[in-house]
Amino acid sequence: MPKTLHITNGDSINNRITALDLKGDYLVWREMLCEGPTRIHIESEESIEVRKKFLKSYYKISPERYEKQFVTELKKLDHLVDYDTIVLWFEFDLFCHINMIAAISYILRICRHDITIHLVCGGKTKNESEVSGLVQLNDKQLIQLYKSKVLLEEDDLLLAKDIWTIYCEKDPMKIISKIKQVSSFQFLSSCLRAHLQRFPNIKTGLNVFEHNILELVSKYKIANTKQLIGYILEYQGYYGYNDMQIKRTIGKLLQFFELTPTQLKLSFKGTQVLKQERNFYNNMVVSWNYGGVQKYDYLYNSNNHKLLKL
């Protein structure tokens, strides 16, 4: 009898769809591969140790917790021969898409039999400019989305595998050629553009995400950094970052803020950034990886949307 494995990108959506009583087994993908160093073979001892060290250093996630919450789940793929179908439940954002292409790459390497892979992705249009994540949909909408899940063809799967390989290597400029490649991944191109924009801007030294945070402080009356987190979650676009990642980013931007008794405002430096009057690259530079690449080894040129290697 055909058997399905659902791979879900986190506990929130996993809890939702298990409550819908969809047939099959479940694997929860509890990782954030969009940040920190990565290796192509995510199951390797080297990769696991690299991820444990990064997550402990920057997010206080213990090696024991990582072992229990991710490595143990990953080992469920050791029994892939038991399944005929895999359904990937991933959101439309960069956070989820990096996890998704890593999962696809791993499945393609270890699968030794014919298996169909489908994608259920957030992104239901509410109006012309807004999309919804999976967890925002009601049960009826989730079931309908599941019924219309996208079958990933061989070309789609190989594209995902190629991008994961590039992401783990040292030349992010190779990703540019993949942005316009036609595929069944509706939001992949937008996520790849968002990834390139994570490198520091050639004029200011801050990336697009950091710049957008300063724009929020400039545009809205925000009382404090706690309220700022709420605004960022609402207006972050294709990044899909969570509270932990946003708090870390805000911590790096404190020099650009002024906290008055009633409002969080831009400092003089923050105003200089938005006016592109000064480059703060030297103030921002730290050792920080996106996959196989150091963030501050490249600059993003917003005029031609390309990267410049330092």
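Me: Buried means under 20% relative accessible area. With that in hand, why is Arg51 called buried in this predicted model?

Reply: Arg51 has a relative accessible area of 1%. The cut-off is under 20%, so Arg51 counts as buried.

Me: Where does Arg51 sit, and which residues is it in contact with, leaving aside neighbours within four places in sequence?

Reply: Arg51 is in helix α2, residues 45–59. Its contacts are Glu31, Met32, Leu33, Glu35, Gly36, Pro37, Thr38 and Tyr66. Tyr66 is 15 residues along the chain from Arg51, and their C-alpha atoms are 8.6 Å apart.

Me: What makes the link between the side chains of Arg51 and Glu31 a polar contact?

Reply: The distance joining those two side chains is 2.9 Å. A polar contact needs a pair of N or O atoms within 3.5 Å, so this one passes. The Arg51 side chain also reaches the backbone oxygen of Pro37, at 3.1 Å.

Me: How do you know whether Thr204 is buried or exposed?

Reply: Check its relative accessible area, which is 2%. Buried starts under 20%, so Thr204 is buried.

Me: What does Thr204 touch, leaving aside neighbours within four places in sequence?

Reply: Thr204 is in contact with Val273, Gln276, Arg278, Asn279, Phe280 and Tyr281. Take Asn279: it is 75 residues away along the chain, yet the C-alpha atoms of the pair are separated by 4.0 Å. There's also a side-chain reach from Thr204 to the backbone nitrogen of Leu206, at 3.3 Å.

Me: What puts His305 in its accessibility class?

Reply: His305 comes out at 47%. Exposed would need over 50%, so His305 is partly exposed. It sits in the loop between β13 (298–301) and β14 (306–309), with a positive phi of about 60° although it is not a glycine.

Me: How about His97: why does that histidine count as buried?

Reply: Its relative accessibility is 3%. His97 is in helix α4, residues 94–110, and its contacts beyond four places in sequence are Glu91, Phe92, Cys121, Phe187, Leu188 and Cys191.

Me: What makes Lys295 buried?

Reply: A relative accessible area of 4%, with the cut-off at under 20%, so Lys295 is buried. It lies in the loop between β12 (293–294) and β13. Among the residues it touches are Arg198, Glu210, Lys252, Trp288 and Tyr290.

Me: Why does the Lys295–Tyr296 pair qualify as a polar contact?

Reply: The two side chains are joined at 3.4 Å, and the limit is within 3.5 Å. Residues adjacent in sequence count only if both atoms are side-chain atoms, and this contact is between side chains, so it qualifies.

Me: Zooming out, why is the whole chain called as compact as a globular protein of its length?

Reply: The chain has 12 helices and 14 strands. Its radius of gyration is 20 Å, close to the 19 Å from the globule rule for 310 residues, so the description holds. Buried residues make up 50% of the 310.

Definitions and conventions
Residues numbered from 1 in each chain as written. Predicted model: local features only at pLDDT ≥ 70, side-chain atom pairs only at ≥ 80, totals over all residues. Heavy atoms only, no water. Buried < 20%, exposed > 50% of the residue type's maximum accessible area, 1.4 Å probe, protein only. Contact = heavy atoms within 4.5 Å. Polar contact = N/O pair within 3.5 Å; in protein donor to acceptor, adjacent residues only side chain to side chain. Helix = DSSP H or I, 4+ residues; strand = E, 2+ residues; numbered from the N terminus. Rg over C-alpha atoms; globule rule 2.2 N^0.38 Å.
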